[in-house]
Amino acid sequence: MPETHEQILAPGTTAPDFSLPSTPDQNVALSDFRGQPVVLVFYPADWSPVCGDELSIYNTALPEFQRFNAEVMGISVDSAWSHIAFAQAHQLHFPLLADFEPKGAVARAYGVYREHEGTTERALFVIDAAGIIRWNYRSPVGVAPDAAGALRALAALPPATNTPERQATHADAQ
Amino acid sequence: MPTLSEPVSDRDHIQGPADAPMQLVEYGDYECPACGQAYPIIKAVQAQLGDKLSFVFRNFPLPTLHPHAEAAAEAAEAAGALGQFWPMHDTLYEHQRHLTNQDLERYARDVGVDGTAFQADLTQHKERARVEEDVRSGIYSGVNGTPTFFINGTRYDGSYDNESLIEALRQGSGAR
């Protein structure tokens, strides 16, 4: 079980692994994507208007993310069934993961859980091919994040991010 | 704050003097209700600021939310290729709930473009590449919804009522 962090996990930290349902009968683990960059998009709720817009922007930007061989994944505390309906309604072409049981455990591990609302923050992480967080972003309230920051972070990744460098970077963890 | 990845240039559709001290760039979707709400506000801002303002429109259709948005964007560009971008742009925003292909052809006739050339352009998707260029520059500029505005090159996250926009435009041009 991931432990709770109060602050958003910093660049240089090993990204906590997780396995979350992407559909009612299928799980996706972060470690499945070792060897390629991953963009985690934490968003508060499936059906809020701002989230629909935000995820549609990421959907529109998917070809750009694919240029970096990056896998984009959305994460919220909604259930897999809600995710299916939401993804169909918005025709999203990347997986939405259900941080549903225990609620918000992965968001807590990344330091992006909102206790009062019981949702995740609006936050982004770029994780390199070796599983190290290289960039993070927490959105101000009411402002949807764009895709440009994560794309720039991907462009700035060194070509050979497969080199293990966890010893050097782990000290940054809160 | 994010800034335009592609500065305004000759390829853009510009209203007002290109060297105006205040520059407003919109990334918009013809079928997006919020863009439709912004449309008359921009008209009013333009009327108030006159030659001090240049306004640029770039396409950012979200086809998964708005099924007619891409065709509408291509239609505006096709009309633009025939010299009637802004009349078509205005017509689309004034009828944004009626954007079927038949509607688009009717609007093209209304703004006085040659029907055959327009249809050929639309059916062969001659303007798709340009629309995609706009979307790509929007993604890298930090578009985070539609509409997204840039004032003198910097993204504007404030509300887009008349007074807020004019205040931000005045400040943006002063800071230059």
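Q: Which residues of E3(A) point the other way from Val38(A), Leu40(A) and Phe42(A)?
A: In this predicted model, local features need pLDDT of at least 70 and side-chain atom pairs pLDDT 80 or more, while totals for chains, interfaces and linings use all residues. Residues are numbered from 1 along each chain as written, chains are lettered from A and ligands numbered from 1 in written order, and side-chain values use heavy atoms, without hydrogens or water. In a regular strand, side chains alternate between the two faces of the sheet. Val38(A), Leu40(A) and Phe42(A) take one side of E3(A), and the other side has Val39(A) and Val41(A).

Q: Which strand runs antiparallel to E3(A)?
A: Strands pair if DSSP finds at least two bridges between them. E4(A), residues 71-76, is joined to E3(A) by 5 bridges and runs parallel, with Val38(A) opposite Glu71(A). On the residues 123-127 strand, Leu124(A) stands opposite Val41(A). That strand is also joined to E3(A) by 5 bridges, and the antiparallel partner is E8(A).

Q: Which backbone oxygen does the side chain of Thr13(A) reach?
A: Thr13(A) sits in the segment before strand E1 (19-23) of chain A. Thr13(A) counts as buried because its relative accessibility is 3%. At 2.6 Å, its side chain reaches the backbone oxygen of Ala10(A).

Q: How many residues of helix H3 of chain B are buried?
A: H3(B) covers residues 85-94 and is mostly covered. Its buried residues include Phe85(B), Trp86(B), Met88(B) and Tyr93(B). Of the 10 residues in H3(B), the buried ones number 8.

Q: Which element gives the most to the lining of the largest pocket?
A: A pocket is an open set of 1 Å grid points over the protein atoms alone where a 1.4 Å probe fits, with protein on both sides within 12 Å along at least five of seven lines; lining residues have an atom within 4 Å of a point. The largest pocket has 25 lining residues, and among those nearest its centre are Asp53(A) and Asn144(B). Elements giving two or more residues to this lining are H1 (49-60) of chain A, and H1 (33-49) and strand E4 (148-151) of chain B. With 4 residues, the one giving the most is H1(A).

Note on methods: Buried < 20%, exposed > 50% of the residue type's maximum accessible area, 1.4 Å probe, protein only. Polar contact = N/O pair within 3.5 Å; in protein donor to acceptor, adjacent residues only side chain to side chain.
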